[in-house]
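Please look at the sequence and the model together, and follow the report below from one part of the fold to the next.

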Amino acid sequence: MSFKGRDILTTEDLSKDDILEIMKVTEGMEKIFKEKHISDLLSDKMVAVVFLEPSTRTRLSFETAVHRLGARPITIADARSSSAQKGESLADTARTIEGYVDCIVIRQPVKGGAKIAADAVNVPVINGGDGAGQHPTQALLDLYTIKKEKGRLDSLKVAMVGDLKFGRTVHSLSYALAPFNPEYIYCAPEELQIPEGILSGMKQRSIKYQLSSDINDALDADILYMTRIQKERFNNIEDYEKLKGSYVLTRGLVNKGRKGITIMHPLPRVNEIAADVDDLPNAAYFRQAHNGVYLRMALLAMVLGRA
Ligand code: CP
């Protein structure tokens, strides 16, 4: 199925063939990036990069992708500088921006908000993170990273550690990798364990998983995917204070883990990976962040009908 005009809202919407196609186009974009740096593939296009929640990687890698493909971005980088602050609805914001651009990338705090925007407009909408819902472009760059680091996507044991309740990256990753026969270890404090809705999605797909609160269980995996306990998602600061230091991955713990275990993290980290892990060859998290540009170049080119 062509991607031209498609919204990218969740990874549940993507088939195995879709994902393999995205991986193939991303490889091509990495070559363009490394050999030519700038392409004119989208030189007649404009893209709105609308971020109503904080971001470093997603917003800047999307903006980089837009420039690298010769398109032009318009940007909202701070909710306080948009008319959302005056009470404008997401649908009205999207309808307005639709008249200016060929594609909208949006991050905002409401779960399901990217779909509200997409339903209101005819240009493709890419979800850059919808509250505690999904972060599909992160999961796709995670898969691209896994493929580069491990040489395959199939039959991997993946441990996800940290805030699995509010962590939209692990929700999206669970679905994105599901067509590739994974086994999951969900490791979190009881209060932040993976939502029932995701577990029932995994059951429907016959994905093997185990639940744990002990990081030692997560060390027996091919991929150790650490996440931040997200202060901004808690209603009550005392609850955050109680849980914030639940897991700290140290070099000593990595050395106890499965041989060749790959350490990933969507970033930003606070203190959940100690600095002494960073120079291990299997610490992939900064390579992971860099892969985001190639993946986002691919998605923009695909939804705009040029790849
Ligand atoms: N991984 C991620 O979404 O990072 P940012 O919040 O910095 O975009």
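## Strands S1 and S2 in their sheet

Strand S1 (residues 46-51) pairs with S2 in the parallel sense over 5 bridges, where helices (H or I, at least four residues) and strands (E, at least two) are DSSP runs numbered from the N terminus, and two strands count as paired if DSSP finds at least two bridges between them. Within this pairing, Ala 48 has Ile 74 of S2 as its bridge partner. In general, the strands of a sheet pair through backbone hydrogen bonds, either parallel or antiparallel.

The model is a predicted one, in which local features need pLDDT of at least 70 and side-chain atom pairs count only at pLDDT 80 or more, whereas totals for chains, interfaces and linings use all residues. Residues are numbered from 1 along each chain as its sequence is written, and side-chain values use heavy atoms, with hydrogens and water left out.

## The sheet and the helices on it

S1 and S2 belong to an open sheet of 4 strands in the order S2-S1-S3-S4, with parallel pairing. Its edge strands, each pairing on one side only, are S2 (72-76) and S4 (125-130), and the twist averages 10° from one strand to the next.

Helix H3 (residues 90-98) packs on the sheet and touches S1 and strand S3 (103-108), its direction making about 155° with that of S3; contact here means heavy atoms within 4.5 Å, and angles run from 0 to 180 degrees between N-to-C directions, with axes fitted as lines to C-alpha atoms, for helices over the stretch in contact. Helix H4 (residues 113-120) lies across S3 and S4 and runs at about 160° to S4.

## A buried glutamate

Glu 63 lies in helix H2 (residues 57-68). Because its relative accessibility is 15%, Glu 63 counts as buried (under 20% relative accessible area, with exposed meaning over 50% and partly exposed in between, for a 1.4 Å probe and protein chains only). Leaving aside residues up to four places away in sequence, Glu 63 touches Val 49 and Thr 75.

## Strands S5 and S6

Strand S5 (residues 157-161) pairs with S6 in the parallel sense over 5 bridges, and Lys 157 stands opposite Glu 183 in S6. Strand S6 (residues 183-187) is mostly covered, with 4 of its 5 residues buried.

## Helices H1 and H11

Helix H1 (residues 16-35) packs against helix H11 (residues 285-303) at an angle of about 115°, and their axes are 8 Å apart. H1 is therefore roughly perpendicular to H11, a term that covers angles of 65 to 115 degrees, while those under 35 count as roughly parallel, those over 145 as roughly antiparallel and the rest as oblique.
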